[in-house]
Amino acid sequence: MPQPASADDGRTHIIIVGAGIIGVCTAYYLTRHPQFSPKTHKITIIESTRPASGASGKAGGLLALWAFPSQLVPLSFKLHEELAEQYNGADEWAYRRLQTVSLEGNLSKGARVSKQQPIDIGLPEDLDWVRSDIMESWTSLSGKDSTAQVHPYKFTMFMLRRAQESGAVNLVLGKVQKLNYSPKGNAVESVVYTPAASSAESISSESKVSPDGQSCILEGDKIVITVGPWTSRLLPTCPVSGLRAHSITITPSRPVSAYALFTELKVAKGKYISPEIYARKDEVYICGEGDNYVEIPDTTDDVEVLKERCEELVKYAGIVSKELQGGRITRRQACYLPVVDVPSTSGPLIGPTNSQNLYVASGHSCWGINNAPGTGKIMAEILLDGEAKSADVSPLDPRRYFVSGPLPGE
């Protein structure tokens, strides 16, 4: 792994806080920018636990041209395709095109033994792993021309390795506790982090020990916050919160066709559930609706997984598909999605803040995987060119939605 040079080596030091898919893609596209050179720039990525330990490793990985926001999606969808062609994404991170349909069904009826002949609703012939007798209607949402998928964890880790190959990217495992502002309070000069004691990568050689002797100070010329739902922990005025989502993965009893299913399923009188079911190359991913019952914990390692939420997904997946019912459950998990709490925008927030040297790329909601390459490329342009060139993301400018700066008393 590349080792950071001394702090006074004259290179521009970019610190990225967060080694999820947004931070990793930012590092990758920085190293591919024409103005970037290991002789003039260096990057430190600081991650509190492990790369891709949150939603970047536990999301569904659906890619769609009909996602949001419109300013970012066309660029990012195209970049996903280009990356897959360049690096053999089909094998490296299970990139492939797929079809998307909406299904409406009655699981309460399907749980009973019906004497009536089931109605043929004309499901696609290759969607033969879904029980047609409990489905009441279906609609095609998109085809392979506008929908694809990746395995989020494999994609994130691959992009991190490619970024590190530049020799200018260093990964540090430690939890960032705060940002240090200049005496006037108008610029960010450094980050304070607590090293992960169990890791050899926990301390950057450029860090200074804090007066408390327990944490380290790392100075940077430009600091980018890419910690998703944890953004407001470092920037309390930033309107980004977390929505918890549970999911499971199942290895089906036989290979199934490439479909993403958006469902509306009646499970009892007046009760409906809407799990999303994504067939991957070697497994099926199923996620439920989000909740905000529990406050975001300190780290991704502390995310509480509710057994009953996962078992509910197992139960209904088994009713929808015999192949899933007879399959092997491989994961029961939960993660937090970063949501922008502003009625006038769906997010994300991408770009500079009111504080000099401080940038944000967060609030991607359920489309973080989809929009990561586009976000990374735009952030690289903003950091090295001073402006976004590949897309007009001015409606996503963080300065429109919050004012950054030290809190009173800091």
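Here is a quick tour of a sheet, a helix and a hairpin in this structure.

The model is predicted, so local features need pLDDT of at least 70 and side-chain atom pairs count only at pLDDT 80 or more, while totals for chains, interfaces and linings use all residues. Residues are numbered from 1 along each chain as its sequence is written, and side-chain values use heavy atoms, with hydrogens and water left out.

Let's start with the open sheet: 3 strands in the order β3-β7-β4, with antiparallel pairing. Strands here are DSSP runs of E with at least two residues, helices are runs of H or I with at least four, and both are numbered from the N terminus. Two strands pair if DSSP finds at least two bridges between them. The edges are β3 (62-64) and β4 (96-97), each pairing on one side only. In β7, Gln-149 is the bridge partner of Arg-96.

Now for β20 (residues 358-362), where 5 of 5 residues are buried, meaning under 20% relative accessible area with a 1.4 Å probe, protein chains only. Leu-358, Val-360 and Ser-362 point one way, and Tyr-359 and Ala-361 the other. Its neighbours pair like this:

| Strand | Sense with β20 | Bridges |
|---|---|---|
| β12 (residues 222-225) | parallel | 3 bridges |
| β19 (residues 349-352) | antiparallel | 4 bridges |

Ile-223 sits opposite Leu-358, and Ile-350 opposite Ala-361. The β19-β20 hairpin has 5 residues between the strands, and Asn-357 takes a positive phi near 75 degrees there.

Last, helix α8 (residues 307-320): at 1.5 Å a residue, its 14 residues should span 20 Å, and the end C-alpha atoms are 20 Å apart, which agrees. That expected span is 1.5 Å times one less than the number of residues. Among the buried residues of α8 are Cys-310, Leu-313 and Tyr-316.

Definitions and conventions: Buried < 20%, exposed > 50% of the residue type's maximum accessible area, 1.4 Å probe, protein only.
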